[in-house]
Amino acid sequence: MHDPRFDKLAHGLVNFSTKLGKGDKVLIDTFDVPDEMTIALIRATRAAGAIPLVQTQHTRITREIALGAAEEQLELMNENQLARMKKMQAYIAVRGGDNITELSDVPPEKMKLVSKKMKPVLDWRVKKTRWCVLRWPSPSMAQSAGMSTEAFEDFFFNDAKMQPGMKALKAAMESTDKVEIKGPATDLRFSIKGISAIPCGGTHNIPDGEVFTAPVRNSVQGHVTFNAPTIYQGTAFDNVRLEFKDDKVINASTNNTTKLNAILDSDTGARYIGEFAIGFNPHVLHPMRDILFDEKINGSFHFTPGQCYEETENGNRSQVHWDLVNIQREDYGGGQIFFDGKLIRENGRFIPKALQSLNPERLK
């Protein structure tokens with residue numbers, strides 16, 4: 001049965017998120033989603049006068065390829081996929097799946113090899129195309145969110161009105177030098193002086209709701225404990241704690257400390273921070289071990305070991321980009337964010353008048 005919300009979502013991805021126009025070529029990359037959604041995207045692309053190319057993938061097949069990945073195979077895949085990506089003006093990914101830990105038994109050295117060899121395709125897509133990545137609302141995600149499938153779908157297809165507040169937060173971040181973040185098991189200090197801040201309101205991810213920047217290289221000091229559980233390379237991690245000196249992670253611990261440090265030792269840049277972001281989506285309240293949701297949690301911030309974005313350049317290069325989330329609402333222990341000594345957010349709520357439109361009751 002056709003769901004009219006598919007058409008609405010496809011229209012938004014084509015006309016708002018990626019702004020497709022006549023003659024644009026777009027790669028539609030779908031993972032374990034209903035064919036009806038892929039068809040809706042093809043029709044919306046054609047209606048905009050653009051040219052759709054489609055790639056359909058399945059997570060179990062991706063796992064099988066990764067288990068036996070060989071250097072020659074991955075180099076050939078990268079060559080073919082990069083040549084195709086270079087012909088695209090836009091990229092739309094819709095990623096579903098019933099098992100978020102499907103890749104958990106792929107050996108770390110295989111995941112590292114896949115990440116390294118396929119990184120040129122990712123870099124071109126991020127830097128050279130208009131892209132948007134969407135997580136498909138599956139029953140397993142609803143279960144992770146503690147919601148019925150129907151309620152989860154309704155929340156997912158809801159749009160929050162974030163633009164005015166995001167502009168104010170962008171201005172506040174771009175005029176800030178020193179950031180301090182305090183909370184349970186967290187005392188973090190760094191500079192964001194001179195680095196752009198980028199508002200995200202549905203252009204790159206759905207769901208969305210964050211403003212991101214990056215710390216000045218070598219400025220990060222202190223420690224942070226991330227109270228949102230996370231999945232990286234198919235492995236679950238809980239209560240990740242990082243300690244910094246001059247931006248470098250000098251101590252790292254979690255429930256799987258050995259694997260955590262193996263990831264941070266992937267390359268030189270993996271122990272340095274490439275992103276700092278503040279999340280405020282009013283509909284995303286609890287962790288789901290899915291970073292496209294968790295990084296937008298209302299009252300959260302995330303700190304990212306690894307690669308920076310070109311728009312918020314701080315010089316860090318890595319095959320790793322791992323968003324780690326701390327929730328500062330009262331029900332998660334509270335916390336404060338200060339910009340140049342001024343209290344900006346306390347217990348997940350924005351304090352300055354110009355930013356109060358990002359508080360949840362103003363966005364619903």
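Visitor: What covers the buried residues of H2?

Guide: The cover includes helix H1 (4-17), strand S1 (25-31), strand S2 (51-57) and strand S3 (90-95). Contact here means heavy atoms within 4.5 Å. Helices (H or I, at least four residues) and strands (E, at least two) are DSSP runs, numbered from the N terminus. This is a predicted model, where local features need pLDDT of at least 70, side-chain atom pairs count only at pLDDT 80 or more, and totals for chains, interfaces and linings use all residues. Residues are numbered from 1 along each chain as its sequence is written, and side-chain values use heavy atoms, leaving out hydrogens and water.

Visitor: Which residues of H2 are buried?

Guide: They are Met37, Thr38, Ala40, Leu41, Ile42, Ala44 and Thr45. Buried means under 20% relative accessible area, exposed over 50%, and partly exposed in between (1.4 Å probe, protein chains only).

Visitor: How do you know that the span of helix H2 agrees with its 13 residues?

Guide: The expected span is 1.5 Å times one less than the number of residues. For residues 35-47 that gives 18 Å, and the end C-alpha atoms are 18 Å apart, so the two agree. Just after H2, Gly49 takes a positive phi of about 85 degrees.

Visitor: What makes Asp238 and Arg289 a salt bridge?

Guide: A salt bridge needs a side-chain nitrogen of Lys or Arg within 4 Å of a carboxyl oxygen of Asp or Glu. Here the closest N and O atoms are 2.6 Å apart, and the pair qualifies. This pair links distant parts of the chain, 51 residues apart. Asp238 sits in the loop between strand S12 (235-237) and strand S13 (240-245). Arg289 sits in the loop between strand S15 (273-279) and helix H10 (291-294).

Visitor: What does the salt bridge of Arg349 and Glu361 tie together?

Guide: Their closest N and O atoms are 2.7 Å apart. Arg349 lies in strand S20 (residues 349-350) and Glu361 in helix H11 (residues 360-363), so the pair ties together parts twelve residues apart in sequence. Arg349, at 36% relative accessibility, therefore counts as partly exposed.
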